[in-house]
Amino acid sequence: MKKLLALLFSLFFLTSPSVFANDISDFQIEGISIGDSLLDYMTEDEIMSNKMNYLSGERKYYVAGPGNLKFKNFDSIEFYLKQNDKDFIIQLFVGFDFINNFNDCKTKKGEIERSIKSTLSNAAREDFGTIAHTFDKSGKSTTTGTAFWLNDGFARVECTIWSDAIKNEYPSWKDSLSLNIGKNEVNQWFLDGYK
């Protein structure tokens, strides 16, 4: 992997003024926060041309890829935006570090969790164990995750292993260690079936 993601987290949380914050917009990935306008980093044309059509039909949220944005600590980042929001406010973002080995992913995930727990002692922690990923209706894709809940949002660390069928349908999707930071309402949208 490019860099040890746990080191990134340790350095970020230990040097950030948001360590003791309870507002999800105080957290950043690569200098980008929840509640920022994606227009601060990309043009509207770039956002729309990097729209990722994971799901057919109109949905409450859509995903924009990173376009030409370059990242120091992640292989890729995706941005979740509300449909018809002319301000392009970031509701959730996911940083991905692509993996080749599930055991290495679980080790690094654990290091990140310990770092989050030590700096967000008031956040409620929830371990999901290994479960079927909700996107894959076959139940063959799995995710092993832990979430840290704040009043208005969450941070979630996951190891995701996609089924061969999903990888065939979405060739750019890779097994990954991911860091999700977003608003609770987006998480509810995931749980409600991405509608």
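Trainee: How many residues lie between β8 and β9 in their hairpin?

Mentor: There are 3 residues between β8 and β9 in that hairpin. Keep in mind that this is a predicted model.

Trainee: How many bridges join β8 to β9, and which way do they run?

Mentor: The two strands run antiparallel and are joined by 8 bridges.

Trainee: Let's zoom out. What is the strand order in the open sheet?

Mentor: The order is β3-β4-β5-β6-β10-β9-β8-β7, which makes an open sheet of 8 strands with antiparallel pairing. At the edges stand β3 (51–52) and β7, and each has a single partner strand, so one side of each has no neighbour in the sheet.

Trainee: What holds paired strands together in general?

Mentor: Strands of a sheet pair through backbone hydrogen bonds, and the pairing can be parallel or antiparallel.

Trainee: OK, β6 next. Which residues of β6 stand opposite Glu 78 and Phe 79?

Mentor: Glu 78 stands opposite Val 94, and the bridge partner of Phe 79 is Phe 93. The strands involved are β5 (residues 76–82) and β6 (residues 90–98), which run antiparallel and are joined by 6 bridges.

Trainee: What about β6 and β10, how many bridges there?

Mentor: That pair has 7 bridges, again in the antiparallel sense. Phe 93 stands opposite Ile 181 in β10.

Trainee: Is β6 enclosed or open, and why?

Mentor: Strand β6 is largely enclosed by the rest of the structure, because 8 of its 9 residues are buried. Take Ile 90, which has its place in β6. Ile 90 is buried, with a relative accessible area of 0%.

Trainee: How far apart are Ile 90 and Phe 79?

Mentor: They are 11 residues apart in sequence and 6.3 Å apart in space, C-alpha to C-alpha.

Trainee: Changing topic: how many aromatic pairs does the count come to?

Mentor: The count comes to 14 aromatic pairs. In one of them, Phe 135 and Trp 173 have ring centres 5.1 Å apart and planes at 50°, so the pair is tilted.

Trainee: Where in the chain do Phe 135 and Trp 173 come from?

Mentor: They link distant parts of the chain, 38 residues apart. Phe 135 is in the loop between β7 (124–132) and β8 (142–149), while Trp 173 is in the loop between α4 (164–169) and β10 (176–183).

Trainee: Buried or exposed, those two?

Mentor: Phe 135 counts as buried at 14% relative accessibility, and Trp 173 is buried with a relative accessible area of 11%. Trp 173 also pairs with Tyr 170: their ring centres are 4.3 Å apart and their planes are at 15°, so that pair is stacked. Tyr 170 is buried too, like Trp 173.

Trainee: Which residues form the aromatic cluster?

Mentor: One cluster is formed by Tyr 61, Tyr 80, Phe 135, Trp 162, Tyr 170, Trp 173, Trp 189, Phe 190 and Tyr 194.

Trainee: Which rings do Lys 51 and Lys 174 lie over?

Mentor: The charged end of Lys 51 sits over the ring of Tyr 62, 4.5 Å from its centre. Lys 174 lies over the face of Phe 98, at 4.9 Å from the ring centre.

Trainee: Last topic, pockets. What is the volume of the largest pocket?

Mentor: Its volume is about 890 Å³. The lining has 41 residues, and those nearest the centre of the pocket are Tyr 80, His 133, Trp 162, Phe 190 and Tyr 194.

Trainee: Which helix gives the most to that lining?

Mentor: Helix α5 (residues 184–191) does, with 4 residues.

Trainee: And how does the lining divide by residue type?

Mentor: It divides into 21 nonpolar, 13 polar and 7 charged residues.

Note on methods:
Residues are numbered from 1 along each chain as its sequence is written. This is a predicted model: local features need pLDDT of at least 70, side-chain atom pairs count only at pLDDT 80 or more; totals for chains, interfaces and linings use all residues. Side-chain values use heavy atoms; hydrogens and water are left out. On a 1 Å grid over the protein atoms alone, a cavity is a set of points where a 1.4 Å probe fits but cannot get out, and a pocket is an open set with protein on both sides within 12 Å along at least five of seven lines; lining residues have an atom within 4 Å of a point. Grid points are joined across faces, edges and corners, and a volume is the space filled by probe spheres set on the points. Ala, Val, Leu, Ile, Met, Phe, Trp, Tyr, Cys and Pro count as nonpolar, Asp, Glu, Lys and Arg as charged, and the others, Gly among them, as polar. Rings of Phe, Tyr and Trp (its six-membered ring) pair if their centres lie within 6.5 Å; planes under 30 degrees apart count as stacked, over 60 as edge-to-face and the rest as tilted. Buried means under 20% relative accessible area, exposed over 50%, partly exposed in between (1.4 Å probe, protein chains only). A charge sits over a ring if NZ of Lys or CZ of Arg is within 6 Å of the ring centre and within 35 degrees of the ring normal. Two strands pair if DSSP finds at least two bridges between them.
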